[in-house]
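Reader: I would like to go through the terms used for this model. Please set each value against its rule.

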Amino acid sequence: MKAPKTHNIYNPEAECMPREQLRELQSKRLAETVKREYENVPVYRERMDAKGIKPGDIKSVDDLKYLPFTNKTDLRDEFPFGLLAVPKREIVRIQGSSGTTGKPIVSGYTENDVEVWTEMVARALVAAGGTADDIIQVCYGYGLFTGGLGAHQGATRIGAMTVPMSSGNTQRQILMMKELGSTMLCCTPSYATYLGETIREMGLDPKKDIRLKSGVFGAEPWTEEMRQRLEQLLDIDACDIYGLTEIAGPGVAFECLEKRGMHVNEDHVIAEIIDPVTEEQLPYGCSGELVFTTITKEGMPMLRYRTHDICKLDATPCACGRTTVRMGRITGRTDDMLVIRGVNVFPSQIESVLVSVKGVAPFYQLVVDRVHSTDSIEVQVELDEKMFSDTVADFEKIRNEIGEKIKSVVGISAKVTLVGAKTLPRSEGKAKRVIDNRKL
Ligand code: ADP
Ligand code: ZN
């Protein structure tokens with residue numbers, strides 16, 4: 001049996017604050033943010049004026065619902081500096097979105113913004129068991145993408161030995177991991193899986209040759225089943241971390257070792273869930289679109305930023321002692337949702353089916369097409385390497401099992417294609433799961 005979990009907390013005063021006190025702090029910081037936005041950012045001023053709201057009207061978190069939303073299109077329209085709330089000379093850092101969807105966008109950070117972001121990641125690493133004794137290997141890309149530098153800053157802050165590998169060169173990553181004895185890993189969950197597979201392929205034993213104890217994985221959606229697979233593959237605790245460039249970068253929310261949702265850094269951001277269609281606020285426990293308002297950000301504060309990410313919030317107490325609200329896994333993005341023959345399909349639903357089927361690897365691609373105005377979806381999934389030697393009959397069985405499960409979980413029939421191990425493209429950053437030929 002595993003030893004009981006110890007929960008270390010980087011900033012107990014902030015992370016374990018009684019919720020009422022936290023709400024007061026949020027209200028005070030929200031009022032200040034709205035005032036700064038109104039005074040310094042023309043777009044916000046125009047939108048608030050149009051709604052007849054003056055900064056003084058926003059006194060508490062309850063008033064949040066009166067404020068206008070901010071969208072990714074606003075960041076594009078105002079690119080690069082139109083949403084800055086401080087003079088340009090106060091900006092010490094620019095980071096950009098990886099551009100998962102559409103044109104890139106950038107965000108500007110003051111010295112204090114970098115400081116806040118650094119602490120958010122430090123909190124996440126400590127929550128995943130990180131200490132100054134750890135050797136943290138960062139395999140997120142370094143650059144405009146917030147993953148690399150974000151993890152790096154946090155790891156350095158907790159005094160860990162930080163290894164800035166950046167992404168790519170998998171064999172070398174593993175060599176360094178082995179020789180240095182890296183104890184923690186920061187990268188996307190799909191890259192972690194790829195690393196785990198390659199470690200085994202190189203004839204190394206993750207239990208003996210590799211010293212990893214935990215990993216902080218994020219930047220893309222993954223499922224509970226994928227976590228279990230990854231934990232077995234690398235013999236680690238795998239914790240989820242969430243973030244987005246517009247708000248700070250990774251660390252906006254993170255899991256503790258209870259692994260029951262990601263604690264939102266609520267002293268710096270306010271999280272809401274809204275109905276993406278009616279834009280009404282939804283109570284905790286309801287699934288909907290996640291919306292963030294920054295309450296300490298100076299460079300480019302965001303009022304009610306629509307993330308397009310779909311999840312639930314949960315404010316019930318966590319065994320770790322943190323009092324902050326937890327966000328559940330991202331089950332999809334409003335702009336990721338595929339509509340196949342009128343049925344709403346999220347890639348995560350298909351992923352959860354695939355990882356429950358024996359004989360296939362968690363690498364897949366969805367190819368969507370439209371022939372004679374009828375949508376079709378093909379699920380290409382890799383076979384586990386061990387399956388290669390098996391008989392044809394087994395392949396047929398796997399294909400049918402996947403097809404039936406998709407039909408019952410998602411409600412659509414999909415063509416299932418089994419492909420050889422390691423034939424689908426591997427990503428060192430975010431995995432590309434959907435090819436929608438209907439848009440071409
Ligand atoms: P983009 O991918 O939109 O170009 P970012 O690199 O800032 O920009 O990524 C932010 C997005 O990545 C989030 O809005 C979310 O969709 C996704 N993301 C980040 N962390 C996670 C996570 N832990 N689980 C699921 N999705 C995540
Ligand atoms: Zn917790």
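Author: Domain 1 and domain 2 have centres 28 Å apart, taken over C-alpha atoms. The model is predicted: local features need pLDDT of at least 70, side-chain atom pairs count only at pLDDT 80 or more, and totals for chains, interfaces and linings use all residues. Residues are numbered from 1 along each chain as its sequence is written, chains are lettered from A and ligands numbered from 1 in the order in which they are written, and side-chain values use heavy atoms, with hydrogens and water left out.

Reader: What makes up domain 1 and domain 2?

Author: Domain 1 covers 12–17 + 108–259, and domain 2 covers 338–439. The bounds come from an automatic or database domain assignment.

Reader: How many residues does the contact take from domain 1 and from domain 2?

Author: Domain 1 gives 19 residues and domain 2 gives 18 residues. Contact means heavy atoms within 4.5 Å.

Reader: What area do domain 1 and domain 2 bury between them?

Author: About 1600 Å², with 57% of it on carbon and sulfur atoms. Buried area is the accessible area (1.4 Å probe) that two parts lose on being put together, summed over both. In domain 1, Tyr194, Glu197 and Arg229 lose the most area to domain 2. Together they account for 30% of what that side buries.

Reader: What makes Asp384 and Arg229 a salt bridge?

Author: The rule asks for a side-chain nitrogen of Lys or Arg within 4 Å of a carboxyl oxygen of Asp or Glu. Asp384 and Arg229 meet at 3.4 Å, N to O, so the pair qualifies. Across the interface of domain 1 and domain 2 the rule finds three salt bridges.

Reader: Which elements give two or more residues to the side of domain 1 that touches domain 2?

Author: They are α8 (189–201) and α9 (224–234). Helices (H or I, at least four residues) and strands (E, at least two) are DSSP runs, numbered from the N terminus. The largest share of that side, six residues, comes from α8.

Reader: How many residues of that side are nonpolar, polar and charged?

Author: Seven are nonpolar, seven polar and five charged. Ala, Val, Leu, Ile, Met, Phe, Trp, Tyr, Cys and Pro count as nonpolar, Asp, Glu, Lys and Arg as charged, and the others, Gly among them, as polar.

Reader: Why is Ser27 called buried?

Author: Buried means under 20% relative accessible area, exposed over 50%, partly exposed in between (1.4 Å probe, protein chains only). Ser27 has 10%, so it is buried. Ser27 sits in helix α2 (residues 19–40). Not counting residues up to four places away in sequence, Ser27 touches Lys59, Ser60 and Val61.

Reader: Why do Arg19 and Glu266 count as a salt bridge?

Author: Their closest N and O atoms are 2.8 Å apart, so the pair meets the cut-off. Arg19 lies in helix α2 and Glu266 in the loop between β9 (262–264) and β10 (269–274), so the pair ties together parts that are 247 residues apart in sequence.

Reader: Are Arg19 and Glu266 buried or partly exposed?

Author: Arg19 has a relative accessible area of 29%, so it is partly exposed. Glu266 has 3% relative accessibility, so it counts as buried.

Reader: What makes Asp235 partly exposed?

Author: Its relative accessibility is 37%, so Asp235 falls in the partly exposed class. Asp235 is in the loop between α9 and β7 (237–244). The phi of Asp235 is near 55°, a positive value in a residue other than glycine. Most residues other than glycine have a negative phi, and most peptide bonds are trans.

Reader: Which residues does a cis peptide bond join?

Author: Phe79 and Pro80, with omega about -5°. Pro80 is in the loop between α4 (72–77) and β1 (91–96).
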